[in-house]
Amino acid sequence: MREDPTPDETKKNIVHFNPWRDFNDAAPQIDVFGDEPDPAQIARFMQVVFGYCDGLIPVRSFIDKGQGIDGRPHNIWIEADQAAPEKMATFATWASREGAAVYVIPGTVAAPGQAKAADILQMQTVVVDLDTGDIAAKRAHLERHLGAPSMVVESGGVTAGGQRKCHIWWALTEPAEGDDIGRVCRLRGDIAAKVGGDMHFRSAHQPIRVAGSVYYKNNLKTQVRIVELNADRERDLAEFIEAVTDMPPAAGVSLQPAFTHPDKPAMDEVLVTPVREGAQDDWSRFEGASAAIGHFIRMVHEGRMTKDEGWIGICGYNAAMLRPQWPVERLKRESERLWERHVEKYGPPLIRLDSGAPGPVEMPAFTLGALLDDQSPMPEDIIAPRVLTPGGLLVLGGAPKVGKSDLLISWLVHMAAGVPFLGFTPPRPLRIFYLQAEIQYHYLRERLKQIALPPEVLAAARDTFVATPKLKMLLDNEGSVRVARAIRTAFPDAPPDILCVDPIRNLFDGGPDGGGENDNTAMMFFLKERVEVLRDHIDPDCGVILIHHTKKLSKHQVKEDPFLALSGASALRGFYTSGLLMHRPDEDSSVRRLEIELRNGPALSGKLIDKLKGEWVELNPMNERLVRKEAGAKLDAERLRKGDVILTILHEEAASGRLYTTTQFGEAFENKAGLGSKYTIRDRIGVLTTKGHIKFLRDGRPFGKAVVRSRFGYLVVEGLRFGSETQIDPDTGEVLGEGLPVLPSHYKCSGTGACLQVENPAVWVYPEGLDD
């Protein structure tokens, strides 16, 4: 039974209710056997869910099921202001007397009577409702990948396993509006899908219980309680979307749609469930045999079994599970019928790579003495020093547009020519097959002509470097066969030394369960059953290079462990023998850093690289700033210029009667006065507030502005004056200047980033120890 009502359940018999006019004024009767509404918890809940919002909050009450009483739902709309918690507590008290639960839509609307998804104007939270399964494990999974939530509310219900159902909330740094509301709703659906939560919250108007109100169901009366509160933890919407995208599904959760009939057993059960004749079981012999035969037919058709292995599986099921068995003639006839139908629907079967090397019959093991006494020479590196070893797997990662493909092509062409590149050395000209799925043919040849490579390198690599145009395929069983044939055609005399796959994402095949690259099981399937099988089919000593994208990490995280930036499942990092990660330490500089991680050799220091006159070169890290002194000075001057322009504009706009919050300023002056995007402007304002050049005013009423309920407020700079009217002291007649002085009420702490109250607004104080 679902705990919360759907929006459709609230549309019938709605009474628009005013609790301050309609409810009974008699003193409440205290229920000594149950909890009462808690105004303090209601106030905390309202602050997290509506603290930054403007407009009206749609509030609803319903008679919970299982009480033996009926009642119509009631709707009210509460203004999202400072009085909202008190009004909500009053309504919750009335609802408690009536045996009704209290819900809100976690968003605001413009007018009473509005409560549809299209009516929602602002939402400042993301929520997931966990009401089934192992809720503790789901909570742990969410906190591990998304961080601690802003609030956790136990909704009052209990699962069949005895765990308390809960709502998990994440507050945003500012309310979502317009198209961002759709992003919030999609985000709620994505989180629910990945942990097995309530998918109804994909709708903006899905109601949810109010913390501090009372839960009534099945003769149980208890309080909806806040069990964890971190009200100061807020998330940027764009960064939170990225974190949810990178989060893998929880254990036991599949993102694939379930098309199974509710009465039909799962395939794992079909294969181990005996079925008797005469319809003695819910699952008939014909249904069981057809399901089992269909399973093995799919395995053969997809190339995961040979035809003989599939027939052995069908016969094994017949012998073990059908009571009595089908005759072999009928079994064969039914198999052929289903095979013809399957081929007609899905096309011809796939052919497996016929030389995928099976594991040896005996597992090799060596004594310590044998290992110490072996004096045979070490295998020659494919790319020295130990960057790519025979049979090794190298992963090159980098963010989009960082120059990864340009660097890769230059590197591969040098290796194909037998020429060192950035300190990486091949033993001889290497045969390289570049399997890529990003650049179309004409643009690939254009890029190869544009890359500045020495003529002798190009001449030496003309026949040893082979590239595909953009492929529209997966590296599944059929794709692997096509690749193997293409490689044999390109290198008929000897196998390639290097197979490069660019990128993983466009060619990824997660196996029979269809998992994505965030799924460790799917990633291991791709690496072992696709990449390794293809490599072993080509040449067990062939080196493999996989190109992969990275996710967004902070500069500190990249510095601490850069390879955490690799997108997708962590199994990839545990599988490769070498890792290279390309990133920009400074977004305003063209210099890239190449981090290196080796498993088969001693550690290598990272490299600073740049593209000068069209060629990639390695920079001396000790002298890099000296070499690029002029460019660095220009970048520093540009940052100072942007800061000065922002301060000047704030003075000019205030004189014209306009004040701005950070978000409003960024949106108003995007791409004006050379300030760049709104995100660049917000970053510069963040620096100026930390250094004390900008402070904040929350109460704008003296200047005809609203009270700002966000974390900070209107931007204030030293000496700011609002308007242009001349101000005269009425007592002395002294001319005080033009406009009203605007004094700050709050400032950003340079140490913690917290918003603190200004002690003396008339005295402008700069934090110590921070340079301009």
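In which loop is the place of Gly-753? Gly-753 belongs to the loop between strand 28 (746–748) and strand 29 (755–757); helices (H or I, at least four residues) and strands (E, at least two) are DSSP runs, numbered from the N terminus. The structure is a predicted model, in which local features need pLDDT of at least 70 and side-chain atom pairs count only at pLDDT 80 or more, while totals for chains, interfaces and linings use all residues. Residues are numbered from 1 along each chain as its sequence is written, and side-chain values use heavy atoms, with hydrogens and water left out.

With a relative accessibility of 16%, Gly-753 counts as buried, a term that means under 20% relative accessible area, against over 50% for exposed and partly exposed in between (1.4 Å probe, protein chains only). Gly-753 touches Arg-711, Phe-712 and Lys-748, when residues up to four places away in sequence are not counted; contact means heavy atoms within 4.5 Å. The C-alpha atoms of Gly-753 and Thr-690 are separated by 7.4 Å, although these residues are 63 residues apart along the chain.

Strands of a sheet pair through backbone hydrogen bonds, either parallel or antiparallel. Here strand 18 and strand 19 run parallel and are joined by 4 bridges, and Ile-498 stands opposite Gly-543 in strand 19. Strand 15 and strand 20 also run parallel, joined by 5 bridges, with Val-395 opposite Gly-579 in strand 20. Strand 20 pairs with strand 21 in the antiparallel sense over 6 bridges, and the bridge partner of His-583 in strand 21 is Arg-593.

Strand 20 is largely enclosed by the rest of the structure, because 6 of its 6 residues are buried. In a regular strand the side chains alternate between the two faces of the sheet. In strand 20, Ser-578, Leu-580 and Met-582 point one way, Gly-579, Leu-581 and His-583 point the other way, and all are buried.

The largest nonpolar core has 38 residues, and Ile-383 and Trp-411 have the most contacts inside it. Such a core is a set of buried Ala, Val, Leu, Ile, Met, Phe, Trp, Tyr and Cys residues joined through side-chain atoms within 4.5 Å. Among the elements that each supply at least two residues of this core are strand 15 (393–398), helix 12 (404–417) and strand 20 (578–583). Helix 12 gives the most to this core, with 9 residues. Not counting residues up to four places away in sequence, Trp-411 touches Ile-383, Val-387, Leu-394, Phe-421, Phe-424 and Leu-580. A second, separate core of 35 residues includes Leu-393, Phe-491, Val-544 and Leu-566.

Aromatic rings form a further set of contacts. Rings of Phe, Tyr and Trp (its six-membered ring) pair if their centres lie within 6.5 Å, with planes under 30 degrees apart counted as stacked, over 60 as edge-to-face and the rest as tilted. By this rule there are 12 aromatic pairs. One of them is the edge-to-face pair of Phe-62 and Tyr-103, at 5.2 Å centre to centre and 80° between the planes. This pair links distant parts of the chain, as Phe-62 is in strand 2 (residues 56–63) and Tyr-103 in strand 4 (residues 100–104), 41 residues apart. Phe-62 is buried, with a relative accessible area of 10%, and Tyr-103 is buried, with 1%. Tyr-434 and Phe-465 form a tilted pair, at 6.1 Å centre to centre and 35° between the planes.

Conventions: Two strands pair if DSSP finds at least two bridges between them.
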